[in-house]
Amino acid sequence: VGIAAEVDEVTRKAVQAYETGLARYRAQGWDGAETAFRDCLAGAPGDRPSQAMLERIAAFRQTPPEVGWDGVWVARSK
């Protein structure tokens with residue numbers, strides 16, 4: 001992303017939103033994670049990692065992870 005002292009405010013907020021989303025995702029807090037990733041996309045509309053996380057959240061809402069899930073996404077295909 002860049003050197004912390006040189007990153008603009010919009011980018012800094014997008015990174016903070018992504019970090020929040022990732023923490024909530026790992027805790028299976030889907031609503032909070034979705035909100036944070038959408039906030040990230042508001043500042044960085046083309047952010048593919050946030051888009052991918054929103055897709056994963058949608059998948060987990062349909063089929064929740066197993067008990068003891070460690071936060072790892074297992075790709076079933078390329």
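## Asp70, out in the open

Asp70 has a relative accessibility of 61%, so this residue counts as exposed (exposed means over 50% relative accessible area, buried under 20%, partly exposed in between, with a 1.4 Å probe and protein chains only). Keep in mind that this is a predicted model, where local features need pLDDT of at least 70, side-chain atom pairs count only at pLDDT 80 or more, and totals for chains, interfaces and linings use all residues. Residues are numbered from 1 along each chain as its sequence is written, and side-chain values use heavy atoms, with hydrogens and water left out.

Where does Asp70 lie? You'll find Asp70 in the segment after helix H3, which covers 48–62 (helices are DSSP runs of H or I with at least four residues, numbered from the N terminus). The side chain of Asp70 reaches the backbone nitrogen of Val72 at 3.1 Å. Ala42 sits 28 residues away along the chain, and the two C-alpha atoms are separated by 28 Å.

## The aromatic rings

Tyr25, Trp30, Phe60, Trp69 and Trp73 form one aromatic cluster (rings of Phe, Tyr and Trp, the last by its six-membered ring, pair if their centres lie within 6.5 Å; planes under 30 degrees apart are stacked, over 60 edge-to-face, the rest tilted). The count comes to eight aromatic pairs by this rule. Take Tyr25 and Trp30: their ring centres are 5.7 Å apart with planes at 65°, so this pair is edge-to-face.

Trp30 also pairs with Phe60, and that pair is stacked because the centres are 5.3 Å apart and the planes at 20°. Trp30 belongs to helix H2 (residues 30–43) and Phe60 to helix H3, so the pair ties together parts 30 residues apart in sequence. Both Trp30 and Phe60 are buried, and Tyr25 is buried too, at 1% relative accessible area.

Technical notes
Helix = DSSP H or I, 4+ residues; strand = E, 2+ residues; numbered from the N terminus. Polar contact = N/O pair within 3.5 Å; in protein donor to acceptor, adjacent residues only side chain to side chain.
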